[in-house]
Amino acid sequence: MCKEVRIFPIVDLDANKTDLIKDVIDYFQKDYDAMIVTTEYEFQKGGIADN
């Protein structure tokens, strides 16, 4: 098993959080530490999840 899983992108083409991200985090937080972490890597220009 891995120690970490990263899911990206979590934003749509307009750099807004996708509607499903809250559901995904809620689902996995039941058994795991699930959180949004800002990194220096940008998958998509302006694609930060803090919008």
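**Surface patch and salt bridges of a predicted chain**

Lys22 is exposed, with a relative accessible area of 54%; exposed denotes over 50% relative accessible area, buried under 20%, and partly exposed in between, with a 1.4 Å probe and protein chains only. The model is predicted, so that local features need pLDDT of at least 70 and side-chain atom pairs count only at pLDDT 80 or more, while totals for chains, interfaces and linings use all residues. Residues are numbered from 1 along each chain as its sequence is written, and side-chain values use heavy atoms, with hydrogens and water left out.

The protein chain contains 1 helix and 0 strands; helices (H or I, at least four residues) and strands (E, at least two) are DSSP runs, numbered from the N terminus. Of the 51 residues in the protein chain, 16% are buried. The accessible surface of the protein chain is about 5,000 Å², of which carbon and sulfur atoms supply 54%. Among contacts in the protein chain with a separation of 6 or more, 59% come from residues 24 or more positions apart, a contact being heavy atoms within 4.5 Å.

The count of salt bridges is 2, a salt bridge being a side-chain nitrogen of Lys or Arg within 4 Å of a carboxyl oxygen of Asp or Glu. Lys22 is paired with Asp26, and the closest N and O atoms are 2.7 Å apart. Lys22 and Asp26 are separated by about one helical turn because they lie 4 residues apart in helix H1. Asp26 has 34% relative accessibility and therefore counts as partly exposed. Glu4 forms a salt bridge with Arg6, with 2.8 Å between the closest N and O atoms. Both Glu4 and Arg6 are exposed.

A nonpolar patch on the surface is formed by Val5, Ile7, Leu20, Val24, Tyr27, Phe28 and Tyr32, which together have about 760 Å² of accessible area. Patches consist of residues with over 30% relative accessible area and no salt bridge; like charges are joined within 9 Å, and nonpolar side chains (Val, Leu, Ile, Met, Phe, Trp, Tyr) within 5 Å. Val24 lies in helix H1, residues 21-29, and counts as partly exposed because its relative accessibility is 30%. Leu20 belongs to the segment before H1. With 58% relative accessibility, Leu20 counts as exposed. The C-alpha atom of Leu20 is 8.6 Å from that of Ile10, 10 residues away along the chain.

Notes: Accessible areas come from the Shrake-Rupley method with a 1.4 Å probe; for residues, only the protein chains shown count as cover.
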